[in-house]
Amino acid sequence: MNNDSHCRHSIEFMLNTINTILARTSTTLHEAHACILRNEQNLAIGTAVCAERDLEAALILYRAVLAVHRINREEAPCR
């Protein structure tokens, strides 16, 4: 497997993981919204806070995608 293929597969894997994380986060925030509609503010905030870790993980992976792309473009451009 050449460098270009490694780059593409790494980026594909990370983007898929980001998608999975954000889908889960969306569900969590939907649940938090439902809580606030039921006047359960503390539960809503507690539920929403759980999304913070996932959002941070998604951001880290996003930055890794950009780093892999940029580094690989300097060595051998991704196609």
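User: Arg24 first. Buried, partly exposed or exposed?
Analyst: Arg24 is partly exposed, at a relative accessible area of 45%. Buried means under 20% relative accessible area, exposed over 50%, and partly exposed in between (1.4 Å probe, protein chains only). This is a predicted model: local features need pLDDT of at least 70, side-chain atom pairs count only at pLDDT 80 or more, and totals for chains, interfaces and linings use all residues. Residues are numbered from 1 along each chain as its sequence is written, and side-chain values use heavy atoms, with hydrogens and water left out.

User: Which side chain meets Arg24 in a salt bridge?
Analyst: Asp54, at 3.0 Å, N to O. A salt bridge here is a side-chain nitrogen of Lys or Arg within 4 Å of a carboxyl oxygen of Asp or Glu.

User: What does the pair tie together?
Analyst: Parts that are 30 residues apart in sequence, because Asp54 lies in helix 2 and Arg24 in helix 1 (residues 3–37). Helix 2 covers residues 41–75. Helices are DSSP runs (H or I, at least four residues), numbered from the N terminus.

User: And Asp54, buried or exposed?
Analyst: Asp54 counts as buried, at 10% relative accessibility.

User: What is Asp54 in contact with, leaving aside neighbours within four places in sequence?
Analyst: Ile21, Arg24 and Thr25. Contact means heavy atoms within 4.5 Å.

User: Switching topic. How many salt bridges does the structure hold?
Analyst: Two. Besides Asp54 with Arg24, the side chains of Arg38 and Glu40 meet at 2.8 Å, N to O.

User: How exposed are Arg38 and Glu40?
Analyst: Arg38 is partly exposed at 48% relative accessibility. Glu40 is partly exposed too, at 31%.

User: Now the core. Which residues make up the largest nonpolar core?
Analyst: Seven residues: Cys7, Ile11, Met14, Ile18, Ile21, Ala58 and Val65. A nonpolar core is a set of buried Ala, Val, Leu, Ile, Met, Phe, Trp, Tyr and Cys residues joined through side-chain atoms within 4.5 Å.

User: Which helices supply this core?
Analyst: Helix 1 and helix 2 each supply at least two of its residues. The largest share, five residues, comes from helix 1.

User: Last one. What does Ile11 touch, not counting residues up to four places away in sequence?
Analyst: Val65, Val68 and His69.
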